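Good morning, and thank you for joining.

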Amino acid sequence: MADLATDPHPTAADRPVGDPLVVLSGVDKHFGPLHVLQSVDLTVRRGEVVVVIGPSGSGKSTLCRTINRLETIDSGTITIDGKELPAEGRELARLRADVGMVFQSFNLFAHKTVLENVTLGPTRAKGVKKSVATQRAMELLERVGVANQAHKLPAQLSGGQQQRVAIARALAMDPKVMLFDEPTSALDPEMINEVLDVMVGLAREGMTMLVVTHEMGFARRAAHRVVFMDGGQIVEQADPETFFTAPTSARARDFLSKIL
Ligand code: ADP
Ligand code: MG
């Protein structure tokens, strides 16, 4: 975890970004008559932190889910590190492993211990030896501050602790990019910061992240860019300071007036 006091790159503007890692180009998605993603173009560069905000139903979760093909798309392309995501097959499984995902509901395996939750992916999907996976899992649990809970079941942990385990589990697969879909919206207020702090630490270490959240504090602390979605479209995007102080579209101004 980055030490906030000595971090040499305290703001996103000081953290350089690299070449395009996730590229959505002309992505369309319908659910029946509903056009939930409308010709979406979005590039996330290596090391970049992009925060996605927008009203409920605007397509934010669907956007995340298309990036690792939990949802198919109707047209357009999605590439991850230069490779186009196929609809199915072994190549899809491999590319999907490059994308870590953390959901609003922690989605841990209820009948496995915290430690097993973190080792399962690497041992089953990547063939990592159990001893190696266990050592790495303990390092990750240490990093997110729950190593002392390793042998408990998820239900014995608080929501904030469970979400930090979910982050460790995703990191255990060594993803190239992490997607977070409202990771703190199911948490009691006093647990939100312990999860956001872990995410800020990851951002400062250079992890590429796409984060759906309405936590403006996180956006200001960690995001290079805020993307505002409404009605299945990317309406506006800017650096956090510009977006929050001088949004250009009426829809973004209206949305911000409701949440700030
Ligand atoms: P957000 O995450 O921004 O709240 P979603 O991506 O979850 O928005 O949903 C976008 C729209 O698509 C909403 O109108 C939602 O009701 C609809 N939707 C989402 N998932 C499905 C589904 N599996 N089947 C039908 N409609 C869906
Ligand atoms: Mg959603």
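Leaving aside its neighbours within four places in sequence, with which residues is D98 in contact? Before I answer, please bear in mind that this is a predicted model. The contacts of D98, with those neighbours left aside, are I80, P175, K176 and V177. As for its place in the chain, D98 sits in the loop that runs between helix 2, residues 90–96, and strand 6, residues 99–102. Its relative accessible area is 12%, which is under 20%, and D98 therefore counts as buried.

Six strands form an open sheet with mixed pairing, in the order 6-7-8-3-9-10. Its edges are strand 6 and strand 10, the latter spanning residues 233–238, and each of these pairs on one side only. From one strand to the next, the twist averages 20 degrees.

At one end of that order, strand 9, residues 225–230, runs antiparallel to strand 10 and is joined to it by 5 bridges. Within this pair, Q233 of strand 10 stands opposite D230.

Which strands does helix 1 touch as it packs on the sheet? Helix 1, residues 60–67, touches strand 3 (49–53), strand 6, strand 7 (177–181), strand 8 (208–212) and strand 9. The direction of helix 1 makes about 150 degrees with that of strand 7.

Finally, helix 6, residues 189–204, lies across strand 3, strand 7 and strand 8. Relative to strand 8, helix 6 runs at about 145 degrees.

Methods. Residues are numbered from 1 along each chain as its sequence is written. Chains are lettered from A and ligands numbered from 1 in the order in which they are written. This is a predicted model: local features need pLDDT of at least 70, side-chain atom pairs count only at pLDDT 80 or more; totals for chains, interfaces and linings use all residues. Side-chain values use heavy atoms; hydrogens and water are left out. Helices (H or I, at least four residues) and strands (E, at least two) are DSSP runs, numbered from the N terminus. Buried means under 20% relative accessible area, exposed over 50%, partly exposed in between (1.4 Å probe, protein chains only). Contact means heavy atoms within 4.5 Å. Two strands pair if DSSP finds at least two bridges between them. Axes are lines fitted to C-alpha atoms, for helices over the stretch in contact, and angles run from 0 to 180 degrees between N-to-C directions.
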